[in-house]
Amino acid sequence: MRVLRKAMIVIVAVLLVGVALVAYRAGGGEATASIIGKKSLRIGVKSDQPGLGLRMWDGTFTGFDVDVATYVAGRLGVGPDDLSFVGLTSKEREAALDDGTVDIVFATYSITPERKGKVTFGGPYYVAHQDILVRAGDRSIKNVSDLRGKRLCQAAGSNSWRRVTEERKVAATLVAASNYSECVTALKEGRMDAVSTDDLILAGFAAANGSGTTMVKAPFTNEKYGVGLKKGDVEGCQAVNRYLTEMYQNGAAKTLLTEWFGSVDFAVGASVPEFEGCN
Amino acid sequence: MSGRLFRLRTVPRRVQALTAVVLLAVIVLFTVTGVALWDARAALRAIGHDEGPMVVATNDVYLALSDMDAQVTNVLLTGAEEEWLCDVDMDGGPSCARSLPRYFYDIRREDAQRAALQAARLAEDDPVRLRTVQSVLDGLHLYDQRVQAAMERGRGADHAFGRLPEDAAVEYRAATKIMTEDLLPKANNLTLAGASDVEASYGDPLSRMRSGRIWVLVLGLTVLVALAGLQVYLARRFKRVVSLFLVAAALSTTALTVAAASLLATEADYVQMAKEDGFDPVLRLSRTRATGKSLNADRIRGLLDPADADRYDQTYFEKSQTMLYIPEARDLESYYRMLETRVTRYGGDSHPVSFGGYYGVEATEAADRGQQAPVDTLLTRYRAYQQNDRRVRELARARRLEDAAKAHVDPRWPFLSHPGFRQHDAGLDARVVRHQLVVDRMVRDGEGALAPWPWLLPASALVIAALVVGGVWPRLAEYR
């Protein structure tokens, strides 16, 4: 009886100390909305870019962005069955993150100082370069200044043409098109001379359309494709960066890049890009 | 069952129970205090000894790599490959003089390796990061080989401040690719990962220390109340007015509670100062320095290898925007213009901060503290650097590449960067050193204040417990 009582006293004492410690340690660390610990994820991707994010006839999405997203989500502990992909246009991305339509965006989302004010960017997971697509056999265009006087495609909603005619002041003749697929078709039919946008996008088209077009391989910009997260999700951003590093280390990145763009002869980066930082 | 266990019918049982409550409260008080002080120690250690120095070390990797690359680019630009390749270890003594840039390159290479090893040592329980450090060290060899090849191919042709021979340019491009797309990004990512470690080992402990002070006060009060209860019971039951032992216990508890609570408050301040006035600016300014170096390298790369000049121009602009962000600037031309007016405006009386980026944060914090002068100097130097860059660019655009290259380096010592760049870089370095002193001082003071507590805390707990027991013992003895 006496022993039992002493044991009870000790147990009560230990419990009390334990409870006090747990209560103390639970203090601090304010909870912010994070992708960490979610059971399912809604992922924003492009729906009209072959090789990156393309909506198939059955409503599924395929492409490099989709695969990278699936990889990162898997490392975050969300299996492929718990992912839902949402097609986004360039304009919709910030709002979709902000209002919670999507949790995370992998949609050729270039990191820019303006956007960094509204979105927390993990990555970049790839640094693309703006390049030029021409008809196979066209040797008159070797770099961006050769676009002077040429017919250059101006795809609706894209800013790539500005890099040529505004930032570099190359006087190309702009020909409007509704999207890049239309640009490439027009290029093959001879209604345009060049299409200029990110090399990954062009590579996707060049691969998808067979041998009719070729890339000039004169990159003239850096486009950092970031992982868009809700503003302030620093913890999620750090986790994403860690898994992206790992993706490059274990060769998964190279496998995916080769899978999607390997048939096009251009140098894909196989080393982890320089991250932007999460704050 | 438990009712019978804890039935307190007899007086000694009640005294024992009350004593147990007091002792329990003492244990809880001292455990929580100990854990809170442990938090303080861990936070100081992270900033001052573990993660903090590691972040600085990884940033040193970045700086050393940038310096190596700058030497290479400069030598290729000025056509001084012969002296670079001079082999001083040759049998029979060298017949040539190895150039200063080569010595500097070798020294910085060692610095880079040493810093990488330090980063590796501190990251030993993180395989992902270790592999990154390893691949930086591996990449360094590949880089060396390309540099050697570029130098050997460039030595034959006379190309001082002119165009690099194409076969040398190919090797140089390969070397640059390794440096800018592999080594520097990895060094940068290591720094970022380390910085987030510091955040993680700082934020939670700090807020716990802040709330820990309240905890300690409340628990101290609990001990006092329990002691008072015991005292009152003893006074009533045994007609003793005060037990001196219990009074001593109460006084000790009060003293310790107050001391611990105020220590926690000061420690929290030390930790916060070390972080916000020390580590954060150190990291930010070191990163500014690193960005500044790669910015300068981009400019010179554009001159050395005009075929890729478009891309270097864009990264130059982006890096400028990282350092000092002007939202309205659309291209370099407008950036130069707006920089001029905004820096001048900051130097004025009211110090409005109309820019962002690293310098924006630095300027805002300085304005908050009312210490604009040092930041103003930095900004003036940054502006001077950009002004010189504008001149280099204008010369390059006018196809006067040789003049542009000469305007980029020091007019007297072509193997040095332009004085404008050096001043800017040295100014940043001086600020880094100053803030590092804050880290060191705060960590030293914080740890100094904690130093006696590992023995003081358990010892005083034992003393108080002994006093309590000492106060109760004679009363219990009356029932033996």
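Two residues are in contact if their C-beta atoms, placed from the backbone, lie within 7 Å. This model is predicted. By that contact rule, 35 residues of chain B touch 36 residues of chain A. Chain A also holds an open sheet of five strands.

**Where chain B meets chain A**

- Four helices of chain B each give two or more residues to the side that touches chain A.
- They are H2 (11–48), H6 (127–155), H7 (166–238) and H9 (309–323).
- H7(B) supplies the largest share of that side, with 16 residues.
- Sorted by class, this side of chain B has 14 nonpolar residues, twelve polar ones and nine charged ones.

**The five-stranded sheet of chain A**

- The strand order is S5-S1-S6-S13-S7 in chain A.
- The pairing in this open sheet is mixed.
- Strands S5 (83–87) and S7 (119–128) of chain A are the edges, and each pairs on one side only.
- Neighbouring strands in this sheet are turned by 25° against each other on average, with direction ignored.

**A closer look at one strand pair**

- Strand S6 (residues 104–110) and strand S13 (residues 223–230) of chain A run antiparallel.
- Four bridges join S6 to S13 in chain A.
- Ile104(A) stands opposite Leu229(A), a residue of S13(A).

**A helix across the strands**

- Helix H2 of chain A spans residues 64–75.

Technical notes: Residues numbered from 1 in each chain as written. Chains lettered and ligands numbered in written order. Predicted model: local features only at pLDDT ≥ 70, side-chain atom pairs only at ≥ 80, totals over all residues. Nonpolar A, V, L, I, M, F, W, Y, C, P; charged D, E, K, R; others polar. Pairing = 2+ DSSP bridges. Axes fitted to C-alpha atoms, helices over the stretch in contact; angles between N-to-C directions.
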